[in-house]
Amino acid sequence: ATVHFTKTRPNCADQTMKKTIVPNALEHNLTLLERRAQEGPVSIKEILMILSGRGRGLVIVFLSLPFCLPVQIPGISIPFGLLISFLGLRIAFGKHLWVPQSLLSKKISAAFMSKTSKKAAHFVRKINRWIHPRISWICRNKTIHIVHGLLIFLLGTLLALPLPIPLTNLAVAWPLLF
């Protein structure tokens, strides 16, 4: 379980720190996704609803993973970079992840979804000490969301540039991954 400190203000003069323990939300959501996959094929819309707001971050991680290796895959940096740039602008302007209706209705097989969510939950459990929330007040700041979105936009744009310089995608993909 992850430990959060939240401020409660019953009145302006009395500020107390209350210690609350909440479960890792990502791990919990992945477990819910695995349970849902046991019932049958899962649509993209259901996956995004179960991930409840973590879709943008996971999509950016998924799109940046192919570039985290020193070997460059020709032809995918432009479309993936443009998608990442688009997501960065959506974050900067405070918009939700937009996915075409035709893609939202696509179904993913239950076996693949169950296997993927089980492995992802296992991975999240292993790296839990590095990914738990820290200084969460920053995440609620609108200015920081704009800065993060613009940085993601800039990195996505750099990824989309067809630069013939070796390892340029690697230098852009790792910050996107983190």
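Pro-162 is found in the loop between α9 (142–160) and α10 (168–177), where helices (H or I, at least four residues) and strands (E, at least two) are DSSP runs numbered from the N terminus. At 63% relative accessibility, Pro-162 counts as exposed, given that buried means under 20% relative accessible area, exposed over 50% and partly exposed in between, with a 1.4 Å probe and protein chains only. This is a predicted model, in which local features need pLDDT of at least 70 and side-chain atom pairs count only at pLDDT 80 or more, while totals for chains, interfaces and linings use all residues. Residues are numbered from 1 along each chain as its sequence is written, and side-chain values use heavy atoms, with hydrogens and water left out.

**The loop between α9 and α10**

- Although Pro-162 and Gly-75 are 87 residues apart in sequence, their C-alpha atoms are 9.0 Å apart in space.
- Ile-165 is found in the loop between α9 and α10 as well, and with a relative accessible area of 48% Ile-165 is partly exposed.

**The chain as a whole**

- The secondary structure comes to 10 helices and 4 strands, which follow the pattern β-β-α-β-α-α-α-α-β-α-α-α-α-α along the sequence.
- Of the 178 residues in the chain, 29% are buried.

**Helix α6**

- Helix α6 (residues 110–126) has 17 residues and reaches 24 Å from its first C-alpha to its last, close to the 24 Å expected at 1.5 Å a residue, the expected span being 1.5 Å times one less than the number of residues.
- Ala-110, Met-113, Ser-114, Ser-117, Ala-121 and Val-124 are buried in α6.
- Seen down the axis of α6, these buried residues fall within an arc of 100 degrees, so they line one face of the helix; the arc is that of the directions from the helix axis to the C-beta atoms.
- The face turned away from the buried side of α6 carries exposed residues, including Phe-112, Lys-115 and Phe-123.

**Salt bridges**

- A search of the whole structure finds 2 salt bridges, each defined as a side-chain nitrogen of Lys or Arg within 4 Å of a carboxyl oxygen of Asp or Glu.
- The side chains of Glu-34 and Lys-118 meet in a salt bridge at 3.8 Å, N to O, and this pair links distant parts of the chain, with Glu-34 in helix α1 (residues 25–37) and Lys-118 in helix α6, 84 residues apart.
- Glu-34 counts as buried at 15% relative accessibility, whereas Lys-118 is partly exposed at 48%.
- Glu-46 and Arg-36 also meet through their side chains in a salt bridge, at 3.1 Å, N to O.
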